[in-house]
Every structure is written in C-alpha cells, then in structure tokens.
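This report is a first guide to one protein chain. Please look over the sequence and the structure before reading on.

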Amino acid sequence: MLRRHFLKISGVLLASAWLAGCASPQYLQLSPERTAQVPQMGSGQQVTVIAQDGRESDVIGNRAGGGMSTARITVSSHELIPRLQQEAERAINEMGFSPTTEQAEGRPSLTLELDSLNYARGDSGQPLVDEARLEGVFRAIAKNKGTTYTGTYTSRRTQGYALKPDADSNTRMLSDLLSDGMNRAFSDPELGQLLAR
C-alpha cells in the first residue's frame, strides 16, 4: 500500500517536473559565426558597417506550439546585434575594405539587418516525434555613389525530436541558422562589387 502510494506520488512529481521543464521560458545568447570565404573586392577603402535588428520583438516563438508565455523563446537584440556587427566588420575586412562605424558623406556603406528570426513547432507526421521549424532572414543593403543594392538571404532548418530541445540545443541550432544566413550574405559578389566601385 505504502509502495503504491509512493509510486503514485513519484509519478506525479516526475510528470510535474517534466511539464515544468517543457514550459519554462528560454533566453538564448546566440553566437553566430561566418565561416564561408568572401570575395576579395576592396583595396583598403573605408566602408561604413552597421548591423541592426529589424524584428518587431525579441520573442522568436515558443516550444509548446501554442500561446503559452512560459514556453517563450527570447533572443535579445542587445546581445545579438553586437555579435552581428563584429562578424560583419570581420567579413568586410577580409573582403579587402577597412570597416568603420562612422558615417561620412560619399563613403560606401553596408547595413546588415536581421529581418526576422522565427521558431515554430511543426508536425512531423510521425508518432512520438515532434519537430522544430526555424527560419532566419537577413537583408544586406550596400550603398555607393548613389547606387543601392539590396540582397535578402533566407535560411531554414527543420529538426525532429522526441524530447523538446533544451536551451543549449536551441542555442546551437539558431546560431548555426544565423551563421548560414551570414555565409549566404557575404558570399554574394554583388555586395562587394558595389562597395568597390
């Protein structure tokens, strides 16, 4: 009798802990990194580089698939944008330009904007398996001598899982997603060609 009561209590506690773990909010600190080679276009000229956040909210979705505020996933603009700025400056430097954050009349400029970052729960169609659907969109705007070039770069990833991903897993997946987006953006030869005019 006591054993059955103990098992019942243990089961309730385990279920409560599992549900609490599933519903707890996640505040993620992403560290995307560009890994692709960039085209060599510059010859040392200065380029103003600006990274900015075009999202409407720091909340990118939630793990429960509904509107549960306790399951929200948040990526702070204040933490992410400095990282994107650093990577954008590094890319421009490797292209052969001299990056600066100061704006000047007539100086070429590049703006890297995170247009959107979304995390949604999908339907895998398989029993006991759920999936996360991630999408990130970057916009790069190059301006030089009255000409503007805008490129849009979308990265998507679908990840199946039996247990909901923890904060570390989601951090890795989203960092990889944004890394892919930056690789696409800075591999675009049109950006460098316009900046080098």
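Which residue is the bridge partner of Gln52 in E6? The partner is Glu113. The sections below place this pair in the chain as a whole, which is a predicted model.

## The chain and its confidence

Four helices and eight strands make up the secondary structure of the chain. Read from the N terminus, the order of the elements is α-β-β-β-β-α-β-β-β-β-α-α. The chain has 197 residues, and 41% of these count as buried. Among contacts with a separation of 6 or more, 75% are between residues 24 or more positions apart.

The mean pLDDT is 87, and 82% of the residues reach 70 or more. Residues 9-22 have a pLDDT below 50, and this stretch has five contacts in the model beyond near neighbours in sequence. Where pLDDT is low, the coordinates of a prediction should not be read in detail.

Strand E6 covers residues 109-122. Of its 14 residues, 10 are buried, so the strand is largely enclosed by the rest of the structure.

E6 pairs with strand E2, which covers residues 46-53. The two run parallel and are joined by six bridges. Besides the pair of Gln52 and Glu113, Val49 stands opposite Leu110 of E6. E6 also pairs with strand E7, residues 130-144, and here the two strands run antiparallel with 13 bridges between them.

Is Ser109 buried or exposed? Ser109 has a relative accessible area of 17%. Buried means under 20%, so Ser109 counts as buried.

Ser109 belongs to E6. Apart from neighbours within four places in sequence, its contacts are Val47, Thr48, Ile141, Ala142, Lys143 and Leu195.

## Helices H2 and H3

Helix H2 spans residues 77-94, and helix H3 spans residues 167-186. The two helices pack at an angle of about 35 degrees, and their axes are 11 Å apart. Their crossing is right-handed. On the H2 side the contact is made by Leu80, Leu84, Glu87, Ala88 and Ala91, and on the H3 side by Leu178, Met182 and Phe186. Sorted by class, these are seven nonpolar residues, no polar ones and one charged residue.

## Leu80 in helix H2

Leu80 lies in helix H2. Its relative accessible area is 1%, and because buried means under 20%, Leu80 is counted as buried.

Which residues does Leu80 touch, leaving aside neighbours within four places in sequence? The contacts are Leu30, Pro32, Val75, Leu114 and Leu178. Pro32 is 48 residues from Leu80 in sequence, and the C-alpha atoms of the two are 8.8 Å apart in space.

Terms used: Residues are numbered from 1 along each chain as its sequence is written. This is a predicted model: local features need pLDDT of at least 70, side-chain atom pairs count only at pLDDT 80 or more; totals for chains, interfaces and linings use all residues. Side-chain values use heavy atoms; hydrogens and water are left out. Buried means under 20% relative accessible area, exposed over 50%, partly exposed in between (1.4 Å probe, protein chains only). Contact means heavy atoms within 4.5 Å. pLDDT is the predictor's confidence in each residue, from 0 to 100. Two strands pair if DSSP finds at least two bridges between them. Axes are lines fitted to C-alpha atoms, for helices over the stretch in contact, and angles run from 0 to 180 degrees between N-to-C directions. A crossing is left-handed if the near helix is turned anticlockwise from the far one by less than a right angle, and right-handed if clockwise. Ala, Val, Leu, Ile, Met, Phe, Trp, Tyr, Cys and Pro count as nonpolar, Asp, Glu, Lys and Arg as charged, and the others, Gly among them, as polar.
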